[in-house]
Amino acid sequence: MKNMKLRAPKYFKDFQCIADKCKNSCCSAGWEIDIDNNSVKLYNKTNGEFGQKLKRNIDFNGQPHFKLKKNGTCPFLTKDKLCEIYINLGSNSLCHICKEHPRYYEWFEGIKECGIGLCCEEAARIILSQNQNFSTYETEIPYESVEKYDNTLHENLTIIRKKIIAHIENPEISFNSKMKNIISYGNSIQQKIYDNSLTSLEIELENTDTNFKYSDSLKNILKFLLNLETCNKDWIPYLERCINLYDDNYIRLPEFISANPKVNKYLENIATYFIWRYFLKATFDEDVLSKIGLMTISVSVIRYLFLCEWIESGNLSLDSCINIVRTFSEEIEYSEENLAELCDACYESQDFSSKKLKEIF
Ligand code: SF4
């Protein structure tokens, strides 16, 4: 049988759902969960009282999905925050989405890449807590076919992604300079793709260190986020409060970073996550600019929200960082519409131009 490789970040195998210990269960996030055909068959075959409960709580119109309660909670989440399907039918009976979440996958020829998503608090804890440089491992899995793509572009982008991650991890350069360098690098790569002259080697990162300057570029990006679709009703009032405090808070960024030395490592881990997860998608759409934009916008917004939390509560715990990152991811990253709007803005809005993005750092 033909095989392929599964390539995963080293921390991938550390993930295990913390179930009833989870403070922000994905089973109460209001997400519509589509049920795959094999699970539908299994649920339809299930007899007895639980079989009837299954059928009552599945909407079979279109792609079958669970009928959420009015508050957005899955009907099978018990008051002890456990899954009734798991309890009654065992772990193998979970539908594909429930079994896999928050794992994500990307398919290339002979390689399937994966990771865990920041919208899950346990995944966010694992990612933020990484103290080592990012590394991956590979295992053999049965072959899965992929759509055709430009192999040379893919190989170049793979090498470039490695360079970007190495730059994020470079201890000799300040976080702000790294971000500026990567924005410039992304611009050059995009230009080379337009000119059909991309090679992985000819563009080097400029290791220039620059001092932080106050700018209101991030304020406009935060305002842009106010117009996006929301998942949690508290998100917009929270964002508005942080925007209203921008002028007073943002100038305290250097003080905040020196008082919280761990923050830069958290941000580097988040930056690496976005590059690992999204950069190679440019293999299929040749769009590097918005992948770099998504990473830099995400780390700058999250850093500002960390800063607001530090000013408001007088300290910044790992738990509050996890909560901020998880919320941001749920609102922005895990909404296809919002992700698309943000990527479009990298081309259409002056506020998202490389010049403006560099001013943030
Ligand atoms: S958010 Fe993560 S840890 Fe919490 S219930 Fe869902 S998968 Fe488990």
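**Charged pairs and cysteines**

Mentor: Start with K178, which counts as buried at 1% relative accessibility; buried means under 20% relative accessible area, exposed over 50%, and partly exposed in between, with a 1.4 Å probe and protein chains only. This is a predicted model, where local features need pLDDT of at least 70 and side-chain atom pairs count only at pLDDT 80 or more, while totals for chains, interfaces and linings use all residues. Residues are numbered from 1 along each chain as its sequence is written, and side-chain values use heavy atoms, with hydrogens and water left out.

Trainee: With which residue does K178 form a salt bridge?

Mentor: Side chains of opposite charge can pair when their charged atoms come close. The rule for a salt bridge is a side-chain nitrogen of Lys or Arg within 4 Å of a carboxyl oxygen of Asp or Glu. K178 pairs with E268, and their closest N and O atoms are 2.9 Å apart. This pair links distant parts of the chain, with E268 in helix α12 (residues 262–278) and K178 in helix α7 (residues 175–194), 90 residues apart. Helices (H or I, at least four residues) and strands (E, at least two) are DSSP runs numbered from the N terminus. E268 is buried too, with a relative accessible area of 13%.

Trainee: How many salt bridges does a search of the whole structure find?

Mentor: The search finds 21. One of them joins R161 and E113, with the closest N and O atoms 2.7 Å apart. R161 lies in helix α6 (residues 151–168) and E113 in strand β5 (residues 111–116), 48 residues apart. R161 is buried at 4% relative accessibility, and E113 is buried with a relative accessible area of 4%.

Trainee: Which residues are linked with R161 and E113 in a network of salt bridges?

Mentor: R7 and E138 are linked with them in that network.

Trainee: Is D247 buried or partly exposed?

Mentor: D247 is partly exposed, at a relative accessible area of 40%. Its salt-bridge partner is K219, with the closest N and O atoms 3.3 Å apart. K219 counts as buried, at 17% relative accessibility.

Trainee: What is the count of disulfides?

Mentor: A disulfide is a pair of cysteine sulfur atoms within 2.5 Å, and by this rule the count is zero. The sulfur of C119 is too far for a bond, because the closest cysteine sulfur, in C120, is 6.4 Å away. For C346, the nearest cysteine sulfur is that of C343, 5.9 Å away. C119 is buried at 4% relative accessibility, and C346 is buried with a relative accessible area of 10%.
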